[in-house]
Amino acid sequence: MMYRDPKFQRVEVRPATGAIGAEIVGVDLAARPDDATFEEVRRALHVYKAVSVRDQKLDAQSLHEVARRFGPFSGNPVHIPVEGFDDIVRFVREPDETGKVIGEDFHMDLAWMEKPPGITMLYGEVIPPVGGDTMFASLEHAYNYLSDGMKALIADLVGVHCGKGVFANNAAHKHLGVRTDATKVDDIETEHPLVCENPYTGRPYVFVSGVLRRFKGMTEAESKPIIDHLIGVATRPEFTCRLRWEQGTLTMWDNPRLLHTAINDYSGYRRITYRTTVEGAVPRAAKAVPMSRAA
């Protein structure tokens, strides 16, 4: 019998690893559960950072309603939404497609926005019988692991996150609608503190992403070893989880506190998912509070 987190009574929360990730069963989000039940789902998301809610039956309308209960839409200047819902994007991968899948490299969604999405939600409508898992890596655990010397080194750094290449990367996928004006994203550069504070827990985390190009006042060449080291720490096996998909799964994650990657191992199968995002906050620099290296 799978372990159930006893701190949740209205839904069953099954941790996926000792670091992050869980699956939730026993709730029908489209049926508009009462506030107490819904708040348990929200709390599980903040505790485990990435959760897969099983056995959901959602369409664009019900996904829209569920997402907006979590908060306003974050905006998406890159993708063409489905008809009638400006907050929902449809991702399709056909059996004969080869090459990279969308989101194959570790990244954070829309990290170059002034307010990156606080929550990303992805619903599986058509899921391969095997493969296509999503892997997540904890940016809180990454910070906690660092030595005191590295924490001191990065404490006041400001990261420059760039949209350059985002349009081309997305336009390369023939079944993914990309806005014609999304080329403007290439010119976006947004500054975020490198060491930020989780607004829900007060814990520090490293705000690194796949589009973090350099640190303010430093060159890309000088910045790259630090960026690579931080991403390498975050993606250590003990700080990750790998969540498996099933048809009818709604996976949600705490976007600014995680990196994630789509695993490209389902060639020959069709996969259809729907994505929406919930507005986040402007990343806030963490207070100077040292943490133990124990994760």
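A charge sits over a ring if NZ of Lys or CZ of Arg is within 6 Å of the ring centre and within 35 degrees of the ring normal. This is a predicted model, where local features need pLDDT of at least 70, side-chain atom pairs count only at pLDDT 80 or more, and totals for chains, interfaces and linings use all residues. Residues are numbered from 1 along each chain as its sequence is written, and side-chain values use heavy atoms, without hydrogens and water.

**Exercise 1.** Find what lies over the face of F8.

Solution. Start at the ring centre of F8. R43 lies over that face, at 4.2 Å from the centre.

**Exercise 2.** Classify the pair of F38 and F70.

Solution. Rings of Phe, Tyr and Trp (its six-membered ring) pair if their centres lie within 6.5 Å; planes under 30 degrees apart count as stacked, over 60 as edge-to-face and the rest as tilted. The whole structure holds 4 aromatic pairs. For F38 and F70, the centres are 4.6 Å apart and the planes stand at 55 degrees, so this pair is tilted. It links distant parts of the chain: F38 belongs to helix 1 (residues 35–48) and F70 to helix 2 (residues 60–70), 32 residues apart. Helices (H or I, at least four residues) are DSSP runs, numbered from the N terminus.

**Exercise 3.** Decide whether F38 is buried or exposed.

Solution. Buried means under 20% relative accessible area, exposed over 50%, partly exposed in between (1.4 Å probe, protein chains only). F38 has 3%, so F38 is buried. The charged end of R69 sits over the ring of F38, 4.3 Å from its centre.

How values were computed. Helices (H or I, at least four residues) and strands (E, at least two) are DSSP runs, numbered from the N terminus.
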